[in-house]
Amino acid sequence: MKKLAFILILFFVVKTDFLLAQTATNVNGTWIMNVETSAGSGSPTFVLEHVDSTNLKGTYTGQLGDFEVKGTLNGNIIYLEFSISGEIIEYNGTVTGNEMKGKVKLGTMAEGTFTGKKKE
């Protein structure tokens with residue numbers, strides 16, 4: 001009986017892990033952002049891809065130029081960053097389906113908010 005209970009528990013744990021992996025947030029693709037900061041607004045584009053289950057890489061194209069991006073995704077919490085002349089540009093937010101929103105920090109230059117939608 002103990003052996004059967006162990007097998008059932010093991011099956012449940014494995015099945016739960018598999019289902020969680022299948023429903024993990026996927027940010028692969030092109031994202032159009034709307035950014036509002038104390039220094040102005042813009043609509044940059046991010047092209048993102050998963051390196052592994054937590055790490056992201058991609059590109060930023062916008063008013064600031066074209067830059068390589070790195071980031072992380074933990075559950076639905078996203079963090080993206082790139083550097084311009086020693087200033088770290090940071091996007092911290094949440095992803096819900098094909099939308100994301102959060103705060104942006106343009107190094108020491110400005111702070112604000114962003115919203116984004118995944119391009120279909």
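Biologist: Of the contacts in the chain between residues at least 6 apart in sequence, how many join residues at least 24 apart?
Modeller: That share is 27%, where a contact means heavy atoms within 4.5 Å. This is a predicted model, in which local features need pLDDT of at least 70 and side-chain atom pairs count only at pLDDT 80 or more, while totals for chains, interfaces and linings use all residues. Residues are numbered from 1 along each chain as its sequence is written, and side-chain values use heavy atoms, with hydrogens and water left out.

Biologist: How many helices and strands are in the chain?
Modeller: The chain has 1 helix and 9 strands, in the order α-β-β-β-β-β-β-β-β-β from the N terminus. Helices (H or I, at least four residues) and strands (E, at least two) are DSSP runs, numbered from the N terminus.

Biologist: And how much of the chain is buried?
Modeller: Of its 120 residues, 28% count as buried. Buried means under 20% relative accessible area, exposed over 50%, and partly exposed in between, with a 1.4 Å probe and protein chains only.

Biologist: Strand 9 next. Which residues are on its covered face, and which on the uncovered one?
Modeller: Strand 9 covers residues 110–118; Ala110, Gly112, Phe114, Gly116 and Lys118 are on the covered face, and Glu111, Thr113, Thr115 and Lys117 on the uncovered one. In a regular strand, side chains alternate between the two faces of the sheet.

Biologist: What does strand 9 pair with?
Modeller: Strand 9 pairs in the antiparallel sense with strand 1, over 7 bridges, and with strand 8 (residues 99–106), also antiparallel, over 8 bridges. Two strands pair if DSSP finds at least two bridges between them.

Biologist: How many residues lie between strand 8 and strand 9 in the hairpin?
Modeller: There are 3, and Gly107 in that turn has a positive phi of about 55°.

Biologist: Which residue has a positive phi although it is not a glycine?
Modeller: Ser85 does, at about 45°. Most residues other than glycine have a negative phi. Ser85 sits in the loop between strand 6 and strand 7 (87–96) and counts as exposed because its relative accessible area is 78%.

Biologist: Strand 6, then. Is Glu81 buried or exposed?
Modeller: Glu81, which lies in strand 6 (residues 77–84), counts as buried because its relative accessibility is 18%.

Biologist: What does Glu81 touch?
Modeller: Leaving out residues up to four places away in sequence, Glu81 touches Glu68, Val69, Lys70, Ile88 and Ile89. Its side chain also makes a polar contact with the side chain of Tyr79, at 2.5 Å. A polar contact is a pair of N or O atoms within 3.5 Å; within protein, one must be able to donate a hydrogen and the other to accept it, and residues adjacent in sequence count only if both atoms are side-chain atoms.

Biologist: Change of topic. How far apart are Ala24 and Gly75?
Modeller: They are 51 residues apart in sequence and 6.8 Å apart in space, C-alpha to C-alpha. Ala24 is in the loop between helix 1 (2–22) and strand 1, and counts as partly exposed because its relative accessibility is 47%.
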